[in-house]
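Try each task before you read its solution.

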Amino acid sequence: MKIEIIASTKPDYIMPKEEAVKFSGRGAGICYMPDTWDTLASEEEEKTLRRANNTLISGHHSVFGHPTYNLILENIPKILAMILNNEKDYNTSEKSARYTKMQPSEKEKDLYEKWIEIYKSEILKEYPDFEEKRVNKLAQENARYLISIFTPATTMEHRLSFQQLNYIVHWFEDYIENAEDNKFSKKLKPVLKEFIEKMPDVILDDLNSRVKNRSLSIFAQRQREEEFGENYSTNYLVSFSELAQAQRHRTLSYEMTFLKETQYFVPPIIRGKELEKEWLKDISSLEELYPQGMLVQVNERGTIENFVLKCKERLCGAAQLEIMEQTKETMDKYLKAVEQKPVLYNYLLPYAKGARCTFPGWKCTAPCIFGAKNAIKRKI
């Protein structure tokens with residue numbers, strides 16, 4: 001066995017697209033390599049580039065996935081991060097609205113600040129022993145549902161391949177040109193256009209997925225039915241905030257559809273109280289801004305094993321409450337659907353009895369304040 005590092009990300013260096021094409025051309029030579037990598041690496045540059053160009057034209061683009069770029073995206077709207085994160089082929093580090101205080105527009109800010117204080121008060125009524133830092137964090141987490149998905153408030157590092165970056169830019173171009181004009185698309189198209197305009201010169205016209213008839217995966221192309229077995233498909237309503245959390249499970253597929261009548265997420269800490277009416281009044285006043293608490297219909301698809309992996313992350317007192325509740329609902333629905341399939345039912349059952357600290361073999365390195373008993377029943 002021989003192992004070598006033949007390329008790596010270099011800090012403070014922008015790989016020219018010509019260099020990325022050359023490296024991809026070498027990768028293309030591996031498929032029919034008569035000799036060794038060293039021979040490919042030392043061949044004439046003209047031969048490498050000719051092979052890369054032929055591979056590019058033929059549509060065999062996987063070799064262009066070897067070079068990678070790390071992007072820093074500052075002051076971008078949440079919806080752009082969500083669109084990028086739904087494509088799976090990436091690594092990302094994103095500023096969290098759960099843990100950092102947001103600086104939205106004036107229209108959003110007044111309501112955001114108002115509800116931070118309301119949530120602080122409601123949390124302390126329900127959990128008087130919580131320390132101030134935890135109360136502040138949880139208040140921010142719930143108030144951020146008011147922030148628009150178009151507010152330029154997110155910073156993220158995003159690593160993706162030369163191929164995927166080119167595909168994404170061309171998918172953006174296709175959306176700008178072909179998406180139906182409606183309130184949402186009219187707000188999104190300028191965002192995608194700015195992304196394209198600000199992109200460094202690393203894009204090739206011919207490196208696109210049009211030959212494969214692909215497009216942005218976050219927007220549903222058709223209605224999907226529910227089914228549960230070795231693989232599953234389920235539909236549910238969630239806020240933009242939860243969808244952004246769910247996208248981190250890259251082994252699962254997510255796509256969204258807008259509702260015909262607008263609905264909003266109501267945090268459990270105020271459900272059934274007079275405050276619920278006030279919350280719905282305030283958040284609905286931001287409807288044209290598309291607040292993160294607006295609900296969309298989501299289809300989630302994957303394998304039973306990867307659903308269990310999601311449970312191991314989300315059925316936890318430290319997880320975002322909305323996604324924990326939804327994951328529990330999907331587990332209950334899954335179990336009921338496979339009651340007559342003992343192999344699947346018995347596989348899921350150990351993960352359906354509570355928080356992940358009850359799972360077989362699970363050892364929590366950072367126990368939450370709720371514990372196994374109350375983690376699933378918490379209100380915040």
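**Exercise 1.** Find the residues that form one aromatic cluster in this predicted model.

*Solution.* The cluster is made up of Phe150, Tyr175, Phe184, Phe219, Phe240, Phe258 and Tyr290.

**Exercise 2.** Classify the ring pair of Trp115 and Tyr119, then that of Trp115 and Trp279.

*Solution.* Start with the total: the count comes to 26 aromatic pairs. For Trp115 and Tyr119, the ring centres are 5.4 Å apart and the planes stand at 45 degrees, so this pair is tilted. These two residues are four apart in helix α5, which means about one helical turn separates them. Trp115 and Tyr119 are both buried. Next, Trp115 and Trp279 have 5.1 Å from centre to centre and 80 degrees between the planes, an edge-to-face pair. This pair links distant parts of the chain, with Trp115 in helix α5 and Trp279 in helix α10 (residues 274-284), 164 residues apart. Both Trp115 and Trp279 are buried.

**Exercise 3.** Describe how helix α5 and helix α6 cross, and what kinds of residues make the contact.

*Solution.* First, take the axes: α5 (residues 106-126) and α6 (residues 132-143) come within 8 Å and cross at roughly 130 degrees. That angle makes α5 oblique to α6. Second, the handedness of the crossing is right-handed. Third, look at the contact: residues of α5 including Trp115, Tyr119 and Lys120 meet residues of α6, among them Val135, Leu138 and Gln140. By type, the contact residues divide into ten nonpolar, three polar and one charged.

**Exercise 4.** Is Gln163 buried or exposed?

*Solution.* Gln163 lies in helix α7 (residues 162-178). Its relative accessible area is 15%, under the 20% cut-off, so Gln163 is buried.

Notes
Residues are numbered from 1 along each chain as its sequence is written. This is a predicted model: local features need pLDDT of at least 70, side-chain atom pairs count only at pLDDT 80 or more; totals for chains, interfaces and linings use all residues. Side-chain values use heavy atoms; hydrogens and water are left out. Axes are lines fitted to C-alpha atoms, for helices over the stretch in contact, and angles run from 0 to 180 degrees between N-to-C directions. Angles under 35 degrees count as roughly parallel, over 145 as roughly antiparallel, 65 to 115 as roughly perpendicular and the rest as oblique. A crossing is left-handed if the near helix is turned anticlockwise from the far one by less than a right angle, and right-handed if clockwise. Contact means heavy atoms within 4.5 Å. Ala, Val, Leu, Ile, Met, Phe, Trp, Tyr, Cys and Pro count as nonpolar, Asp, Glu, Lys and Arg as charged, and the others, Gly among them, as polar. Buried means under 20% relative accessible area, exposed over 50%, partly exposed in between (1.4 Å probe, protein chains only). Rings of Phe, Tyr and Trp (its six-membered ring) pair if their centres lie within 6.5 Å; planes under 30 degrees apart count as stacked, over 60 as edge-to-face and the rest as tilted.
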